[in-house]
Structures are given as structure tokens and as C-alpha cells.
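Let's take a walk through this one together. Have a look at the model first, and then we'll go through it piece by piece.

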Amino acid sequence: MTKRIGGAGKARGEDSTILGRISNSEIVSHGRRAAGDAVGVSKKLLWSTGKAAWIAGTTFLILVVPLIIEMDREAQLNEIDLQQASLLGAPAQPVQRGF
């Protein structure tokens, strides 16, 4: 009988090398399935996270940005009122609007 050096031949229908036996073992195939399942779950999670980020971003743009703009506009009007009051000589008092 000749001894094989290197190579990944098959003897009696099975892999004769250590690497071949390990790669065809039940533990390795179970690990591959688990890795495949993990990839699928990760893709679903990433897709769901992307959808949630899109919803949060558009909601922020529609609801919060106009509020910030209006608050800035109100602050500018208050500042203009204070400047006009100081030019006219009246004591500077902040004006509350919209309440």
C-alpha cells in the first residue's frame, strides 16, 4: 500500500485526510447552518433598523424642524422688540407672545 503525501483523495468513499474529515463532520455542518441563520437574522435586523431610522428621520423633519424654525422666529421677534424698546427709552422687558 502506498502512502499519500498531501492531496485530498478519498479512500473507501470517505475523505482520507484530517481536513476532509473535519470539514465533513456534523459539528462543522451544524456551525455552517448556524452561521447562515445568523446572517439571515442580521439582514432582517438591518432592514428593520433602516426602516425605523427612515421613519424617525422623516418624522423629525415633518414635526420638529418647523417647530425649531418657529421658535427661532419668535426669539428674533422678541429681540427686535427689546431693541426697539431700548431705542425709544422704555425699560427693556421681554415680551411674551402667544400665551
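**A walk along the chain**

There is one salt bridge in the structure, and since this is a predicted model, that pairing is a prediction too. The partners are Glu70 and Arg73, whose closest N and O atoms sit 3.3 Å apart. That falls inside the 4 Å cut-off, so the pair counts as a salt bridge. Side chains of opposite charge can pair when their charged atoms come close.

Where do Glu70 and Arg73 lie? Both are in helix H2, which covers residues 26-88, and they are three residues apart, about one turn of the helix. An α-helix has 3.6 residues a turn, so residues three or four places apart point the same way. As for cover, Glu70 has 39% relative accessibility and Arg73 has a relative accessible area of 45%. Why do they count as partly exposed? Because buried means under 20% and exposed means over 50%, and partly exposed is whatever lies in between.

Now follow H2 itself. With 63 residues at 1.5 Å a residue, H2 should span 93 Å, and its end C-alpha atoms are 90 Å apart, so the two values agree. Along the way, though, H2 has a kink of about 35°, centred on Leu61. Just past the end of H2 comes Gly89, with a positive phi of about 90°.

Together with Phe60, Ile62, Leu63, Val64 and Ile68, Leu61 makes a nonpolar surface patch of about 590 Å².

Finally, step back to the whole protein. Its secondary structure comes to two helices and two strands, and reading along the sequence gives the pattern β-β-α-α. How many of the 99 residues count as buried? The share is 3%. The accessible surface comes to about 9,100 Å², with 66% of that belonging to carbon and sulfur atoms.

Key:
Residues are numbered from 1 along each chain as its sequence is written. This is a predicted model: local features need pLDDT of at least 70, side-chain atom pairs count only at pLDDT 80 or more; totals for chains, interfaces and linings use all residues. Side-chain values use heavy atoms; hydrogens and water are left out. A salt bridge is a side-chain nitrogen of Lys or Arg within 4 Å of a carboxyl oxygen of Asp or Glu. Helices (H or I, at least four residues) and strands (E, at least two) are DSSP runs, numbered from the N terminus. Buried means under 20% relative accessible area, exposed over 50%, partly exposed in between (1.4 Å probe, protein chains only). The expected span of a helix is 1.5 Å times one less than its number of residues. The bend at a residue is the angle between axes fitted to the seven residues ending there and the seven starting there. Patches are made of residues with over 30% relative accessible area and no salt bridge: like charges are joined within 9 Å, nonpolar side chains (Val, Leu, Ile, Met, Phe, Trp, Tyr) within 5 Å. Accessible areas come from the Shrake-Rupley method with a 1.4 Å probe; for residues, only the protein chains shown count as cover.
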